[in-house]
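Welcome, and please get your viewer ready.

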Amino acid sequence: MNPRRTTTALALVAVLGATAATGVASTPAAASGPAATGGPARCSAAVALRGFDDRLDETTFRGQDVAGLSALAPAGSGRLFALSDRSVLFTLDARHDVVAAVPLRDAAGAELDSEGLAADRDGSLWVSSETGPQVLHVAPDGRLLPGAPDVPAALRTAPAGRAPANQSFEGLALSADGRTLTAAGEGALAGDATGVLRFQTWRRDGVGAPFRLGPQLAYAADPGLGVPEVAATPDGRLLVLERGFLDQVGNTVRLYVVDPAAAPDVAAVGELAADAAQIVPKTLLADLVTCPPLGATAEQPQLNPLLDNVEGMVVRSARGERRLRVSLVSDDNQRPTQTTRLYDLDVTLPTTR
């Protein structure tokens with residue numbers, strides 16, 4: 001989804017306040033080159049930036065614009081799947097060059113507003129679309145597969161349900177054991193407090209078994225921000241990406257971690273308040289405005305030229321349960337003032353659960 005809308009003064013306070021709280025200047029000191037020369041560059045105690053890659057920006061593959069990238073998933077052998085919100089599934093090689101592109105369609109042959117992507121153990125993929133919303137099961141060649149899970153009525157887009165248009169299933173994650181699928185709503189349902197989002201889960205007994213409706217989690221995003229993506233960690237937690245945009249200030253991108261086991265099921269709660277006891281606790285790992293820019297440039301005002309409209313996230317590898325290699329991707333919205341950029345991060349999770 002495109003977050004480029006003028007937000008409130010409260011959002012500006014949130015952007016600048018979080019930067020000040022870190023004790024780091026709003027514009028970090030420059031570093032040489034597109035990658036750190038002396039090892040990963042610290043964004044926070046928990047997150048280090050290994051580098052970034054703009055090679056996909058304003059490129060095409062066999063006549064198809066490589067743009068609007070909203071999700072990532074592992075494709076094996078160091079490759080990645082990259083999902084466009086215009087219903088195209090790209091395959092990237094280990095150098096991040098595009099080597100394949102296939103269109104995705106629903107059962108009626110219509111395009112998707114595809115936003116989330118998760119790779120299953122059997123090589124198939126799960127795709128969330130804000131059309132409906134829905135979660136589809138697809139093969140890497142784009143074929144529809146059986147097993148699409150049911151969506152609760154309240155989570156459907158209004159007027160069928162309570163979800164606002166273009167703010168429903170934005171993120172998607174499959175747990176490391178393959179048993180829990182989680183779709184993250186980007187915006188609050190009608191009746192819920194502003195910024196209080198619902199994450200829907202589905203559970204199954206194992207790969208190939210059908211997904212059944214599971215608990216809903218209540219998540220409170222920072223003022224003025226939404227959730228474009230979630231990713232599962234090896235120990236059962238979720239990385240949560242928060243993002244927003246403010247004219248003449250630029251993008252805010254923050255990375256949090258939550259433990260779904262620490263939150264009750266809110267599926268039966270009609271309306272969620274901002275101070276609801278059911279909201280899952282979250283821990284800030286990094287505000288990416290504090291990352292060294294490493295020579296990055298921006299085509300529009302940004303507190304840090306490294307930042308853009310980050311929408312996709314994938315855990316690429318792990319050493320143990322706490323030390324992760326994570327990649328992010330920004331959605332350029334097919335605008336010349338924005339950049340398709342891949343980011344490579346080292347993330348260390350906190351020990352307390």
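Start by selecting residues 310-319 and 323-330: these are strands β21 and β22, which pair in the antiparallel sense over eight bridges. Keep in mind as you look around that this is a predicted model. Now move to the turn: β21 and β22 form a hairpin, with three residues between the strands. One to click on there is Gly320, which has a positive phi of about 70°.

Next stop, a sheet. Select β9, β10, β11 and β12, and you have an open sheet of four strands in that order, with antiparallel pairing. Colour β9 (114-119) and β12 (144-145) separately, as these are the edge strands, each pairing on one side only. Then zoom in on β11, residues 134-138, which runs antiparallel to β12 and is joined to β12 by two bridges. Within this pair of strands, His137 stands opposite Leu145 of β12.

For the last stop, select Ala267 in the loop between β19 (250-258) and β20 (282-287). Is Ala267 buried, partly exposed or exposed? Its relative accessibility is 42%, so Ala267 counts as partly exposed. Now show what surrounds this residue: apart from neighbours within four places in sequence, Ala267 is in contact with Arg198 and Gln216.

Terms used: Residues numbered from 1 in each chain as written. Predicted model: local features only at pLDDT ≥ 70, side-chain atom pairs only at ≥ 80, totals over all residues. Heavy atoms only, no water. Pairing = 2+ DSSP bridges. Buried < 20%, exposed > 50% of the residue type's maximum accessible area, 1.4 Å probe, protein only. Contact = heavy atoms within 4.5 Å.
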